[in-house]
Amino acid sequence: MTAFIAMAILGAFLALVLAVASRRFAVETNPLVGQINGALPGANCGGCGYAGCMNYAEAVALKGADPTLCAPGGVKTGMEIARILGVEVTNKARSVAHCHCQHENVKTVAVYSGIQTCRGASLQGLGGGWLDCRYGCLGYGDCKNACLFGAITMGEDKRPVVDEDKCTGCQKCSVACPRALMAVTPIDKHVHVLCHNRDKGAMANKICAHACIACKKCEKECPVDAIHVNNLLAEIDYDKCISCGKCVKVCPHQVIITLRDKRRGKKTWPDAKNTIPGETLTEGRSDDYSTKGPSVS
């Protein structure tokens, strides 16, 4: 009996010590972190640049990170976080992914039967050279498998096709592509260089029917100095590009394309002046594909 009483007293004492210690050494947490994390979709895709939704919530609440970086959550999430913080947000166009390789008439030099992934096929010693273009799309769908939102499918030519209505711009596909072909750009920029080949013109011309040959015709034609040939490949400065399409018309290999006509058939979304036009899978988009400058024939 005495032993039982002693154990009970000891247990009560230890409980008291733990209670005091928990209060004394408790780490205070900002309640905003929990509220912001609750507003996030929980995809943990990393598209915001942080390792998961909780880390992003902490960065927003404690470090002043941009509250509109959640691509899967879109405008609703951005506005909800802004409401929680009591701040105003600025407008920005949402971004979508594109494969910068047309994958047409690309020559092959061998039959590859190794690891059936793009990253596996790119490993040295495992057949990475089976495709004549060492910069081109390998077509095994690493980007498709990395997409959390079903926005990427593989076409009959084994080239990734992006559904812009589903794409959130999370950049998972960009990270997955071993040849850096999946680029995420603002959706209000219609002109793109669909090539990543940096071989000299004569060699590139032999390898692919739609390879950049660094002729610089696009560079000379651009009225706003937005496109330049760097390291044998045309590159667009999207901060300057006005999507006029003049470079598209002069490209001899149809390397530079415009998505304006493709996007024109989309629904015209209302102007959302009080929201963030950076949404993805939510309503209220402000992307008006029919009024973004002159058309390109």
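This is a predicted model: local features need pLDDT of at least 70, side-chain atom pairs count only at pLDDT 80 or more; totals for chains, interfaces and linings use all residues.
Buried means under 20% relative accessible area, exposed means over 50%, and partly exposed lies in between, using a 1.4 Å probe and protein chains only.

Residues are numbered from 1 along each chain as its sequence is written, and side-chain values use heavy atoms, with hydrogens and water left out.

## Salt bridges

Let's begin with charged partners. A salt bridge is a side-chain nitrogen of Lys or Arg within 4 Å of a carboxyl oxygen of Asp or Glu. There are 5 salt bridges in the structure, and the table shows some of them.

| Pair | Closest N and O atoms |
|---|---|
| Arg 134 and Asp 199 | 3.0 Å |
| Arg 263 and Glu 164 | 2.8 Å |

Arg 134 and Asp 199 form a salt bridge with 3.0 Å between the closest N and O atoms. This pair links distant parts of the chain, 65 residues apart: Arg 134 sits in the loop between α5 (118–122) and α6 (142–146), while Asp 199 sits in the loop between β5 (191–193) and α8 (201–207).

Next comes Arg 263, whose salt bridge with Glu 164 has its closest N and O atoms 2.8 Å apart. Arg 263 belongs to helix α11 (residues 260–264) and Glu 164 to the loop between β3 (160–162) and α7 (172–176), so the pair ties together parts that are 99 residues apart in sequence. Arg 263 is buried, with a relative accessible area of 0%, and Glu 164 also counts as buried, at 6%.

Glu 235 is partly exposed, with a relative accessible area of 31%.

Which residues of strand β6 (residues 227–230) are on its covered face? They are Ile 227 and Val 229, while His 228 and Asn 230 are on the uncovered face. Two strands pair if DSSP finds at least two bridges between them; β6 and β7 pair in the antiparallel sense over 4 bridges. Glu 235 in β7 is the bridge partner of His 228. The hairpin has 2 residues between the strands, and Asn 231 takes a positive phi near 55° there.

His 192 has its place in strand β5 and is buried, with a relative accessible area of 0%. The His 192 side chain reaches the backbone oxygen of Lys 189 at 3.1 Å. Contact means heavy atoms within 4.5 Å. Leaving out residues up to four places away in sequence, His 192 touches several residues, including His 98, Tyr 238, Ile 257 and Arg 263.

Ile 257 lies in strand β8 (residues 256–258) and is buried, with a relative accessible area of 19%. Beyond its neighbours within four places in sequence, Ile 257 is in contact with residues including Gln 102, His 192 and Leu 194. Ile 257 and Leu 194 are 63 residues apart along the chain, and their C-alpha atoms are separated by 7.2 Å.

Methods: A polar contact is a pair of N or O atoms within 3.5 Å; within protein, one must be able to donate a hydrogen and the other to accept it, and residues adjacent in sequence count only if both atoms are side-chain atoms.
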